[in-house]
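Here is a guided tour of a structure, starting from one residue and widening out from there. Please keep the viewer open as you read.

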Amino acid sequence: MRHDPITRFTDAERELIDRLNRTLDHDTALAQLKALLQVAIEIELATIPIYLYTYYSIQRTIHSGQQVEPSDVFANKAGGLVMSVAVEEMLHMSLSSNILFALGGWPQIYMNAPASYPTGLPHHNPVGPRGPHGETDVLIPLGKFGYEQLWRFLEIEYPEGQDAVPQDDNWDSIGQVYSYIRCLIACDWIHDEDFRKGEAARQIQPYNYSPDNTDTVYVSGKFDPWTPAPAPGRTIPRDLEDQYPSGAHAAVYANMADSHAGATELVTVTGKTDAFIAIDTICDQGEGFAQPHVPTEPTDDPSKREDSHYFKFLTLQAQLEEYPKYVEQLPADPTPPGPIAPTVGAAELAKVIADYPKNPVTADYPDLLQPISDFCNGVFQYMLILTETLYCVDPKDQKRFFNEGMHRSMIWVLDKYIQTMRQIKIWEGKHQGHIMAPTFENLSLGTREASFAALTDLGNKAIAAAKALAEAHPEDKDAAGNVVYYVNKALTDTDPPGASMHLPDVAPYWNGNEPVFGGL
Amino acid sequence: MTTLNVREYLKQQPETGPGEPVPEPYPFAGAPPFPTTIGTQPDGMPLHACMGLNSCKGSDRFGLEGHPDPVTGQNVQNECAGQGYCSTAVQHTCHVENSCRNQGGCGLYGTAEEFENPGHNDCRSLGSCATPINAERFSTNGSNQGKSVWARARKVFEDVVWPETRAELLAKQAKGELADGCLLPEKLGPAPKEFHDLGPSYLWISDDNAHRNNMTACGSSGTSGAGGCS
């Protein structure tokens, strides 16, 4: 399999490297590098709740199989593409974290998501390109899927121009931040040995990442849910000419396995080359600029089958009816697509997009719903702690910890819990009439060591609130039952013989907020 | 709803339900109905993730009680290793939720390596995705991407899992720790003929789409082929 080569330095980058060589010393360069990597981690982290919020506003399978309507096809596509980007943002946060850990730093993720919404991205230039309504602010809301929200996504992923300069503050594009990081790594003050403070075996390992899953996949149209998937080396014959394809045949994969620099997506870092590879993967996936800077390609991989984040979002926008009407300030490269058929209008979107509020906070929800929202935020924060904890876990146990911690919390708790919340219509207050949505707040769970106990306390309060909800609002009885189920899934679930099937308690890996290497 | 089965209920709705229309006539009328509970298992047999991945006669979802023979109506057990009807592992819905070695399904979430080894995992929490493995499910990663998970699981079982398991069981028999009655042939028998080499259809698992909760699988794209938990 071919992979993207490491990007050559531009003239602007070489100029900066020369300046860094003249003006810094080792300790200063290293400190700047570690500080800027923490900024990069916070930028990547900031994108995740923004993308997930919009993702969960999309109801992907109101109809399925042969029953799907055009609005369902678009919703499934939009969901698959947004999730495919969110997955890669998690990869990017992991890559930046691995670089920082290699340098002897500790990624600070817990309580470091945006403090409120709409939010600027950390250290971003508050003024950006002109949006669909002429606005130039770079303030990203928690918003449901739609044309304006896609513009905000484009602002996040805006490609850097060929003449872009590296920026460590007040930056215009994420690529320019990483460009500055590349220059710091490349300067003479930073050496391969600097990347051996945090051992590679404790970094987040390549085997934990997969580019696609059943949530990044979407279908191209109607399909026959009863047709078996083809066995290797054979296809299923069609008995009828009008038969729809199987789900396997209708599946479209939003991400590609070759979309990375180096040998694999989630590299560990032991030297400068590894760090360059990690940054190339981040930048190429986001903006699609493969080496050398040839900004005419919307794709980010050698096989030219995976669009960059920027182009994925632009492609979705191009299918909405607003696209021909508004003149956003888009870069010339890659060339924006023309309107994509079939056009999706407001009425079609209304069928598949949950009426989420804009920038909700728990305090604005009815009292009865606040503990349910608090637990959602608690799980979100606990996931960030689990991510930090991965670096404490004995390497031989990392795969299992990742599965039982990260995967279970994301897929089996947070994902289902948010979908449960989506069943609840808000009956009073600021967001009356809207659908209950996650608020992704920096809700404190206390010290990392005590965080599982704090999450348990939040869970108990959510269960009590769910029981009260079922009493007061019988229409929400099913949702309330699901709240109880998923809280127990997070905190107390066991299999029939009694073995734990819930989230792991991170307490053995922390002394207060100080990491304890090796855990128990 | 109280007097109609789900399929009849769905047929009265203005919008057809998931899976509708179903194939007519029902193609698995000759197979015993999908058992919603797992029968008594022979002593010492490892649990497994799906149809055709069993290690011994009587080791399948019907267990020692057997399944009704469509001709005689009498209960019979599956004949041998590789010929069983469906999983005996604790049923689960998703990646990481398996209880033990070789009990993971596959195809929905997981890495390329995991997707290339369905039904072949080291231990608890290291398996991939829901069991049973319905015939419609395809891998979303790795070299098996877009292809049948069940067919891959059967291939891995034939090539890797069964030789390992057979050697372990033969050793146990030699020590007297396992009854001699269980034949452990080198070559596996075929999976039940109603499902050819495709694995258990969700149409069968769901009793002709009437009981979609007989098995669920996670994921939001609607392509798992099974009743969704999301």
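A:F440 is buried, with a relative accessible area of 0%; buried stands for under 20% relative accessible area, exposed for over 50%, and partly exposed for what falls in between (1.4 Å probe, protein chains only). Its phi is near 45°, a positive value in a residue other than glycine. Look for A:F440 in the loop between α11 (398-421) and α12 (451-472) of chain A; helices (H or I, at least four residues) and strands (E, at least two) are DSSP runs, numbered from the N terminus.

Before going further, a word on what you are looking at. This is a predicted model, in which local features need pLDDT of at least 70 and side-chain atom pairs count only at pLDDT 80 or more, while totals for chains, interfaces and linings use all residues. Residues are numbered from 1 along each chain as its sequence is written, chains are lettered from A and ligands numbered from 1 in the order in which they are written, and side-chain values use heavy atoms, with hydrogens and water left out.

**Backbone features in loops**

Most residues other than glycine have a negative phi, and most peptide bonds are trans. A:N170 also has a positive phi, near 50°, and is found in the loop between α4 and α5 (174-186) of chain A. A:N170 is partly exposed, with a relative accessible area of 40%.

| Cis peptide bond | Omega |
|---|---|
| A:Y117 to A:P118 | near 5° |
| A:A341 to A:P342 | about -5° |

A:P118 sits in the loop between α3 (70-102) and α4 (147-156) of chain A, and A:P342 in the loop between α8 (309-317) and α9 (346-352) of chain A.

**Two helices of chain A**

Helix α1 (residues 11-23) of chain A has 13 residues and reaches 18 Å from its first C-alpha to its last, close to the 18 Å expected at 1.5 Å a residue; the expected span is 1.5 Å times one less than the number of residues. Which residues of α1(A) are buried? They are A:A12, A:E13, A:L16, A:I17 and A:L20. These residues cover an arc of only 135° around the axis, which puts them on the same side of α1(A); the arc is that of the directions from the helix axis to the C-beta atoms. On the other side of α1(A), A:D11, A:E15 and A:R22 are exposed. The cover over the buried residues of α1(A) includes α5 of chain A.

For α2(A), the 31 residues should span 45 Å at 1.5 Å a residue, and the end C-alpha atoms are 45 Å apart, which agrees. Since 23 of those 31 residues are buried, α2(A) is largely enclosed by the rest of the structure. At its start, a side-chain oxygen of A:D25 reaches to within 3.2 Å of the backbone nitrogen of A:D27.

**The nonpolar cores**

A nonpolar core is a set of buried Ala, Val, Leu, Ile, Met, Phe, Trp, Tyr and Cys residues joined through side-chain atoms within 4.5 Å. The largest one has 196 residues, and those touching the most other members are A:F145, A:I181, A:F195, A:F375, A:Y417 and B:W204. Helix α2 (residues 26-56) of chain A gives this core its largest share, 18 residues. Apart from it lies another core, of seven residues, including A:A229, A:A248, A:Y253 and B:F138.

**Where chain B meets chain A**

B:N141 is buried, with a relative accessible area of 3%, in the loop between α2 (112-115) and α3 (149-174) of chain B. Its side chain reaches the backbone oxygen of A:D212 at 2.3 Å and that of B:G110 at 3.2 Å; such a polar contact is a pair of N or O atoms within 3.5 Å, where within protein one must be able to donate a hydrogen and the other to accept it, and residues adjacent in sequence count only if both atoms are side-chain atoms. Leaving aside neighbours within four places in sequence, B:N141 is in contact (heavy atoms within 4.5 Å) with residues including A:S210, A:P211, A:N213 and B:F115.

**Chain B and confidence**

Chain B has four helices and four strands, running α-β-β-α-α-α-β-β from the N terminus. Of its 230 residues, 58% count as buried. Chain B averages a pLDDT of 78, pLDDT being the predictor's confidence in each residue, from 0 to 100. Over residues 1-15 of chain B, pLDDT stays under 50. Where pLDDT is low, the predicted coordinates should not be read in detail. The predictor gives the complex an ipTM of 0.90 and a pTM of 0.93.
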